[in-house]
Amino acid sequence: MMLYKKFTASLMEWHLTQNNRQMPWKGEKDPYKIWLSEVILQQTRVEQGRTYYENFTSKYPTVAQLAAAPDEQVFKLWEGLGYYNRCKNLLFTARTIVNQYNGVFPDTYTDIVALKGIGPYTAAAIASFAFNLPYAVVDGNVYRVLARFFNIDTPTDSTEGKALFTELANEVLDKKMPGAFNQAIMDFGATICKPMAPACSVCPLQTACNARKHGRVNMLPVKNKILQKKTRHFTWFILNAQNKTLIHKRGAGDIWENLHEFYLVESTEKTTWTRAAVEQWCRDQLGESAPDILSISGILSQQLTHQTIKAQFIEVNLPQIPAPLKEFNWVSRSRMQELAFPRLVNMWLDPKKRDSLLF
DNA sequence: AAATCGGGGGC
DNA sequence: GCCCCAGATTT
């Protein structure tokens with residue numbers, strides 16, 4: 001169909017003559033580094049991911065070096081980026097490539113997409129950028145650009161929408177230059193056909209754009225998911241004894257898997273911690289009658305995508321490690337520096353930020 | 001098909 | 001506050 005060719009030709013023309021977006025991984029041909037950049041950028045803004053990419057490629061220049069790194073060290077480098085399963089899968093796949101592929105990144109779409117943490121988007125990106133294979137990327141930019149140019153109101157987060165947009169993206173893909181095309185459509189979505197306030201007046205596709213023709217640019221793309229939000233109340237007890245602090249590694253099935261935290265008491269209701277209440281908690285839970293309560297913080301709030309965390313930190317010095325907590329991990333402050341924590345915990349750990357939170 | 005997984009930036 | 005971001009995985 002003529003409209004497809006027009007779209008592709010105009011987009012590639014824009015890419016070759018006007019696209020001046022710069023990113024550290026642009027033009028990279030090493031599949032390992034492309035993979036790193038793509039995983040870092042999943043659901044993450046380019047500006048947020050940039051320094052993480054630089055840190056990872058400089059600390060682990062090869063997949064073998066990443067595969068050989070201790071888990072904890074890699075999580076520390078990922079700290080603050082969010083969606084920590086990405087980090088877990090990154091390590092798993094690095095080791096898969098070393099152990100099953102002899103350290104050589106697989107070079108077919110089928111093999112690439114089979115790796116953990118690599119879905120259709122990331123596989124298409126690696127296949128096209130590293131190996132020039134004809135697979136179209138379908139990310140948030142692509143949904144938006146295609147939905148607008150072709151005036152499609154099928155929800156992008158439906159099964160039907162995913163199939164439809166994937167098929168369309170592969171229709172308009174420049175099969176001779178799939179890598180360049182994929183780069184072009186994402187850069188175009190990020191700089192011209194933006195989510196808010198798209199630059200239609202300078203858009204090279206404006207006259208052919210069907211959403212613009214129908215005045216529907218800011219109604220597209222359509223999403224139909226409604227996300228449920230909930231509020232959780234966390235009280236973290238920083239328990240110190242014998243120059244060590246109790247640290248707990250968070251497990252699966254909840255936020256911040258594999259990150260560390262202090263002794264957590266969670267409740268669905270807001271609880272007011274007075275000094276008397278803390279003393280009683282120490283007696284009841286720890287069998288400790290003489291706790292030295294150093295501080296009770298104010299309430300910190302963090303907005304996640306589908307939950308609000310209200311957090312309070314209570315720091316207590318104990319004369320000895322309480323018997324009920326013998327099996328927990330007690331670490332020195334210097335050892336704590338090597339562990340990855342949620343942002344909320346790091347906020348409290350930073351003395352400069354902490355001061356403003358105290359009563 | 002729906003629910004979950006973080007954190008930051010723009011409005 | 002709400003929406004979106006170079007999505008993937010699990011149930």
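In the predicted model, 23 residues surround DNA strand B. A residue counts as near a strand if its C-beta atom, placed from the backbone, lies within 6 Å of it. The closest to DNA strand B are G82, T159, I255, T305 and R343. Ala, Val, Leu, Ile, Met, Phe, Trp, Tyr, Cys and Pro count as nonpolar, Asp, Glu, Lys and Arg as charged, and the others, Gly among them, as polar. Local features need pLDDT of at least 70 and side-chain atom pairs count only at pLDDT 80 or more, while totals for chains, interfaces and linings use all residues. Residues are numbered from 1 along each chain as its sequence is written, and chains are lettered from A and ligands numbered from 1 in the order in which they are written.

DNA strand C is surrounded by 29 residues. Here the closest are G119, T122, D139, G140 and M186. Three helices, α8 (120-131), α9 (140-149) and α11 (178-191), each supply at least two residues of this surface. Helices (H or I, at least four residues) and strands (E, at least two) are DSSP runs, numbered from the N terminus. The largest share, four residues, comes from α11. The surface near DNA strand C comprises 10 nonpolar, 12 polar and seven charged residues.

Chain A is assigned domain 1 (2-219) and domain 2 (230-355), with bounds from an automatic or database domain assignment. The C-alpha centres of the two domains lie 38 Å apart. Nine residues from domain 1 and nine residues from domain 2 form the contact, defined by C-beta atoms, placed from the backbone, within 7 Å. On the domain 1 side, α5 (71-78) and α6 (85-100) are the elements that give two or more residues. The most come from α5, with four residues. This side of domain 1 has three nonpolar, two polar and four charged residues.

An unreviewed UniProt entry places the feature "domain: HhH-GPD" at residues 40-191. UniProt positions are given in the numbering used here, feature names are shortened, and annotations may be inferred rather than shown by experiment. The span is 66% helix and 0% strand. Its end C-alpha atoms lie 20 Å apart.

L3 sits in helix α1 (residues 2-17). L3 counts as exposed because it has 12 C-beta neighbours inside 10 Å. The cut-offs are 20 or more other C-beta atoms within 10 Å for buried, 12 or fewer for exposed, and partly exposed in between. The C-alpha atoms of L3 and L168 are separated by 12 Å, although the two residues are 165 residues apart along the chain.

Technical notes. Contact = placed C-beta atoms within 7 Å.
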